[in-house]
Amino acid sequence: MKRFLFLLFAVLISSYTASILFADVSNNIISGKGYSCSLYNVNEGYPVSGARAIVQTSDGFIWIGDYSGLFRFDGRKFEIMRAENLTSVISLFADTQNRLWIGSNDRGLAMYQNGNFTSWGKDSGIKSFSVKTITEDNNGNIIFGTRKGLYYIDKSLNLHEFKDERVSSQYIRNLDCDPNGRIAGNTSNGDIFIIQDLSITNYFKASELDIPKVRSIFLDKNKTGKIYIGTVKNIIGIMDLDSKEKELNTFSTGELRNINKVYPEQAGNLWICADNGIECLTKDGDLVKLHNSQMDNSVENMMIDYESNLWFVSSRQGVMKIVENPFNNISQRAGLSNFVVNAIAKYHDNLYIGTDTGLHILDKNNQIIENKLTSALAKTRIRSISVDSKDNIWICTFSNYGLLKSDSNFNITSINTDKGLCSNRVRSMIEMSNGNIAVASDGGVNIIKDDKVIAKHTSEDGLFNNSILSICEGKDGVIYAGSDGGGIYIIHPTGIIINLTEENGLKSGVILQIKKDPDQPIYWLITGNSISYLSDDVIHNITNFPYHNNFDIFFSGDKSWILGGNGIYTLNKTDLYNNNLDNYKYYGINDGLPSYATANSKSLLDSDKMLYVAGASGVFTISLNANKNTKTNPVRLSIPQIIIDGERYFISPGEKIKIQKQCHRLTMNCYVLSNILKDQKVEYNLEGFDTQTNTTTRTKLSPITYTNLQGGKYVFHLIAKNNETNTKNNEIEFTIIKKKKFIETVWFFISMLATIMLISLLAAYIFYRIKTKRLRDKEARDKMLLQQVIAAFSKTIDYKDNYTVGHSVRVAKYTALIAKRMGFSKEEIEKFYNIAMLHDVGKLIIPDEILNKKEQLNDDEYKVMKSHTEMGYDILSNINIFPDLALGAEYHHEKIDGTGYPKGLKYEEIPISVRIISVADTYDAMGSTRSYRKGMPTEAIIEELKKASGTQLDPEIVNCILDLIKEGKIPIL
């Protein structure tokens, strides 16, 4: 077979560079826009170190396969799917019926649907249990390759073997299907074959292919018949199956070797995953390597999810997600280290960045420039940078330079105190309408003309606080100067100075920014604690702004953008002016914000409406012309299962759920399956029960529980909202029908009427009530006695330990508060309270010299101390009237990741009561002073709780106690 070299080959090689790729997602990933890259591994939420296969089912769940098993990702956390045959998962496939097919390295093939697994392994007739690859043809047949042959499962789930001797004993490495149902595959020895209608129509021996050994093969889903062949070297072959000649063209992948995946996307880009990294062949023919992506080794597979986010898996590095980000981290793109940025300006298409330690210059390709200016300003603190109408750049410094001016040839002029400047600590400057330069410094205001100081305004002239932070020109040459604590000085050309302070309506005398409104004759003020505006020298305050520590304000069209200490706010400018602040949009760290703005910094809005933010750890941008969320796809919602009184039931979309009248507790596991940065708003309600709609967000959505529903029909609604318009993005619902108890029916009321009419039954009823009351009184007395005994026992425990008096009672109270917040019944809460009271009963057996030892325990002493859990269980286990009483004593040192003691239980193996007690116990223990340490401050305790969440402690319960602490319902220690 002829081998033709791609005409583009020379172009590709010549255009290949080692440039850093900073992308958003899908078609924009090469464009240099903003993106966020998340690597999930054992340190970042993914429970194992590697991954070999990834796929998304149509319901929105993402599935990852690895030798450790099968994992499901819902956009927030990874959940391991436990089943006998789910080990050593090396291949995954989602078919057209929303079924998940799982290929194991040693257990054969499995299929998952609606919570059930069907498997083909031992005794199924498969010669090899190692299933490397899976696909589906257009007739619904599932074709899969093993180490010994090729098989398919028909629509009736019957297994068949391809009897063709060319593949019957071959190791099938890859299978892929095009839109017409044609399947391409390759074997481990490099042969390629084509399947049509369950028959092999073409077979190419490795010896016939004039390319390196074939490693992988993929069909273009966008162009029928186009096939990509990955090799063990840096060559990819391309063949058109529909051409008569079947000619094989090739192109080089540059540095990449051992091509594991070739992914042609609809936008025209071609993604390449290999053992040593990731590349993209753009639709324009540029070959770009994905640098600094956190994944560059053993990249096995990739996919693009329904939101166009990119996913990659590495058998050594885990799972990587690349998601669109409205912000572009310029400093990261340029390879600059993290530093605080004070000022930004554009000069001759280059970006000038002022910091506390000097000047950095980047060209339009974000390459670092070194020149005379950067050398002169090394280690110099720069506060502001501006460009005047004469093409000079002005740099305000805190140095002997004072105010530095440089022309386009980098001829430097220094204007400092030696030349009449008020102070060498220069904060900002502006070019006035008459061409003069107005300068704000720590000594007052100067006017400069032709590089000479021609006027100054200091404390002697009426600037009683002459540390000037900001400056702005008003009408007729008036200067507005914002001071560091003394308010605003209005300096008239005649020399008259008017001072506006708190007495004139300012909320703060610290004026960080003064900016003229582009559309009306007002001046916006960013003060130390407020946003205000000045109209006819009268101050008007914006009283309802959601945040007070703001640093700067910009305007673009009808929008205002406020940079604050906790992120960026944007809202309609008219709404801001009218103090109508209901419809603002907020960007924080969780929305992709690389860092917060620097206090009292000078960011830049250029002529293209690109906002360059001077950040606390570098420079980042956001386009103010493209601030709307362009994603219009409905967010996928799922409620795959419900829990009825502890029993799990898997449900299908649209299914009516019928529950028995004895049901007391109904829990729905709801999922908003989105992986974009913005946290979607979520609403839910149970029609027929909830009197109002409940509101939360995707990241805060937890299992939803209803207790003691009356018999009848209910409809549960789960709604995702559009973050921009607050309109409905998607909704799912299902119907719940609970059988009515007799007392809820009409017949019950008829029977009651008849009963009232019968005297004999009335007498029996009265007798029954009297007897019931006696029983309840006895139960109440017994309960009170039990509680008093438990309380006394608890007090004995606490007195045993000199440093934990009151500990058991506090843990019990916190346990009850958490259980109440989680929706448990009053009886369960009381039960959990009593269990918590005696969780440390085993300490009664621990010798005092160990229990109250101030030094660190040795191994033998620690072993004795750990035994208090088992001793506690022995003490309480024979109390038959309260069989669960011993649970807290035995298991309160278990951890959900299985590293606890005495039994190493994991997650749901640990009773829910004990998981709650563990969180409460941890919180109180960290805040209590012990013999060996002092109690920790609340802030440290909260951080420790967050760190322990998901490993030692149940995340849902940790979130619950943090909410209670924040609300003040659990006291701050």
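Biologist: Starting with a definition: a salt bridge is a side-chain nitrogen of Lys or Arg within 4 Å of a carboxyl oxygen of Asp or Glu. How many salt bridges does a search of the whole structure find?

Modeller: The search turns up 31 salt bridges. Keep in mind that this is a predicted model.

Biologist: Okay, what does Arg648 pair with?

Modeller: Its partner is Glu908, and the closest N and O atoms of this salt bridge are 2.9 Å apart. The two residues sit 260 residues apart and link distant parts of the chain: Arg648 is in strand β59 (residues 647-650), while Glu908 is in the loop between α12 and α13.

Biologist: Is Arg648 buried, exposed or partly exposed? And what about Glu908, buried or exposed?

Modeller: Arg648 is partly exposed, at 39% relative accessible area. Glu908 has 52%, which makes it exposed.

Biologist: And which residue does Arg72 form a salt bridge with?

Modeller: That would be Glu79, with 3.0 Å between the closest N and O atoms. Arg72 counts as buried at 6% relative accessibility, whereas Glu79 is partly exposed at 33%.

Biologist: What about Glu136, where is it found?

Modeller: Glu136 is in strand β11, which covers residues 131-136.

Biologist: Which side chain of opposite charge is nearest to Glu136?

Modeller: Arg99, but Arg99 is 5.2 Å away. The cut-off for a salt bridge is 4 Å, so Glu136 is buried yet has no salt bridge.

Biologist: What does the side chain of Glu136 make a polar contact with, then?

Modeller: With the side chain of Thr96, at 2.9 Å. Leaving out residues up to four places away in sequence, Glu136 touches Phe93, Asp95, Thr96, Asn141, Ile142 and Cys177.

Biologist: Changing topic. How many disulfides are there?

Modeller: The count comes to zero. Take Cys670, which is in no disulfide: the nearest cysteine sulfur belongs to Cys663 and is 15 Å away. Cys670 is also buried, with a relative accessible area of 4%.

Biologist: Let's talk backbone. Which peptide bond is cis, with omega near 15 degrees?

Modeller: The one from Tyr901 to Pro902. Most peptide bonds are trans. Pro902 is placed in the loop between α12 (885-891) and α13 (912-927).

Biologist: And what's phi for His348?

Modeller: Phi is near 55 degrees for His348, which is a positive value in a residue other than glycine. You'll find His348 in the loop between β31 (341-347) and β32 (350-355). At 44% relative accessibility, His348 is partly exposed.

Biologist: How about phi of Asp536?

Modeller: Also a positive value in a residue other than glycine: phi of Asp536 is near 55 degrees. Asp536 is in the loop between β49 (531-535) and β50 (538-542). With 70% relative accessibility, Asp536 counts as exposed.

Biologist: Now zoom out for me. How many helices and strands does the protein have?

Modeller: The protein has 15 helices and 66 strands. Its C-alpha trace spans about 105 × 90 × 70 Å along the principal axes.

Biologist: What percentage of the residues is buried?

Modeller: Of the 973 residues, 52% are buried. The accessible surface is about 44,600 Å², and carbon and sulfur atoms account for 48% of it.

Biologist: Last one: of the contacts between residues at least 6 apart in sequence, what share joins residues at least 24 apart?

Modeller: That share is 51%.

Note on methods: Residues numbered from 1 in each chain as written. Predicted model: local features only at pLDDT ≥ 70, side-chain atom pairs only at ≥ 80, totals over all residues. Heavy atoms only, no water. Helix = DSSP H or I, 4+ residues; strand = E, 2+ residues; numbered from the N terminus. Buried < 20%, exposed > 50% of the residue type's maximum accessible area, 1.4 Å probe, protein only. Lys, Arg positive; Asp, Glu negative; His and termini not counted. Polar contact = N/O pair within 3.5 Å; in protein donor to acceptor, adjacent residues only side chain to side chain. Contact = heavy atoms within 4.5 Å. Disulfide = S-S within 2.5 Å. Areas by Shrake-Rupley, 256 points an atom, 1.4 Å probe, with all protein chains shown as cover.
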